[in-house]
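Reader: I am new to this structure and would like to learn how to read it feature by feature. Could you give me the general idea each time, and then the case at hand?

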Amino acid sequence: MTDTPPPRTTAPTRCGVVAVLGAPNAGKSTLVNALVGQKVAITSAKAQTTRARMLGIALHELGGTPTQMILVDTPGIFAPKRRLDRAMVSAAWEGAEAADAVLLMVDPIKQRRHELEPLLETLAGRPERKILVLNKVDRAKKEPLLVLAQELTGKVDFAEVFFVSALTGEGVPELKDNLARLMPEGEWMYPEDQVSDASERLLAAEITREQLYQQLHEELPYDSAVRPEKYEVRPDGSVEIHQQIVVTRDNQRAIVLGKGGSKIKAIGAAARSELMEVLGVKVHLFLHVKVLENWAEDREIFDEIGLDWVR
């Protein structure tokens, strides 16, 4: 999130790309945040939270060699039904192209077999170096974990298998060491202090969308969006942000607003607090809700939320 040129150094450096794939809600965004060391991707208990490819940029020093890992946090891969679904799945597979390693993350508790099996079939035929990561070791039982690992490695030629808890951080340092080892020698693609390729404008919209999911749970359907309308730095250094929450029906608008506007105020307050922490400045956040019945067929909205328009 800066225009500072990458650091020039005569010391050898490593730099590569890691695509993070998996069924919806496997914990991919939580893992990317853990590897980067701070929040770059939104997380939610709601499946299919990630929509566009979001890059997290993790730094690591291994054996005295500074290493930059470009982590492509992809949308969960599932059977697409609508244009929005197709755009998300397209973004996920594009994220895997030309990666130095493809990391498949699996939730051993839910598994989501109907989405995991087609993913395994596709991965089996891909040339990239593949790594299996079984998540939630803090909650899963050891014996079933080992059985699942053996089964999955029998279907895909995984170079390594890791057992982690993206939430608690267990096993993450070992995974990070291994990923750094796989990165080829080369100059860094991003400046040292950059942690994501997402614009602050888009990241702000994503943080508000995360609060929508966290505070409304199952009340609000998945097909809502947050459109960035204005992002302006005021003379005093604070940031003024205007966003539009898009829903498909009037009753959804009422849910987002809450009684007397109480819910949208709570969403705004939580998003504002997190934005101030992420951006490091005072934030003035203004939200309003609009009903657009067919917003998922609107090319302009796709562009605004960082997805390619697909047929």
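Author: Let us begin with a term: a nonpolar core is a set of buried Ala, Val, Leu, Ile, Met, Phe, Trp, Tyr and Cys residues joined through side-chain atoms within 4.5 Å. Please keep in mind that the model is predicted. The protein has 9 helices and 9 strands, and buried residues make up 52% of its 311 residues.

Reader: Which residues touch the most other members of the largest nonpolar core?

Author: They are Leu-104, Val-106, Leu-134 and Leu-152, in a core of 26 residues. At least two residues of this core come from each of strand 1 (14–22), strand 3 (65–73), strand 4 (101–106), helix 3 (113–124), strand 5 (130–134) and helix 4 (142–155). A second, separate core has 23 residues, including Val-20, Val-36, Val-133 and Leu-175. Leaving aside residues up to four places away in sequence, Val-106 touches Leu-116, Leu-132, Val-133, Leu-134, Asn-135, Leu-148 and Leu-152.

Reader: How do helix 1 and helix 5 pack, and at what angle?

Author: Angles of 65 to 115 degrees count as roughly perpendicular. Helix 1 (residues 28–36) and helix 5 pack at about 75 degrees, with their axes 10 Å apart, and the two helices are therefore roughly perpendicular to each other. Leu-31, Ala-34 and Leu-35 of helix 1 make the contact with Val-172, Leu-175, Lys-176 and Leu-179 of helix 5.

Reader: Is Lys-176 buried or exposed, and which side chain of opposite charge is nearest?

Author: Side chains of opposite charge can pair when their charged atoms come close. Lys-176, however, is buried and has no salt bridge, the nearest side chain of opposite charge being that of Asp-177, 8.1 Å away. Not counting residues up to four places away in sequence, Lys-176 touches Leu-35, Ala-58, Leu-59, His-60 and Met-69.

Definitions and conventions: Residues numbered from 1 in each chain as written. Predicted model: local features only at pLDDT ≥ 70, side-chain atom pairs only at ≥ 80, totals over all residues. Heavy atoms only, no water. Buried < 20%, exposed > 50% of the residue type's maximum accessible area, 1.4 Å probe, protein only. Helix = DSSP H or I, 4+ residues; strand = E, 2+ residues; numbered from the N terminus. Contact = heavy atoms within 4.5 Å. Lys, Arg positive; Asp, Glu negative; His and termini not counted. Salt bridge = Lys/Arg side-chain N within 4 Å of Asp/Glu carboxyl O. Axes fitted to C-alpha atoms, helices over the stretch in contact; angles between N-to-C directions. Parallel < 35°, antiparallel > 145°, perpendicular 65-115°, else oblique.
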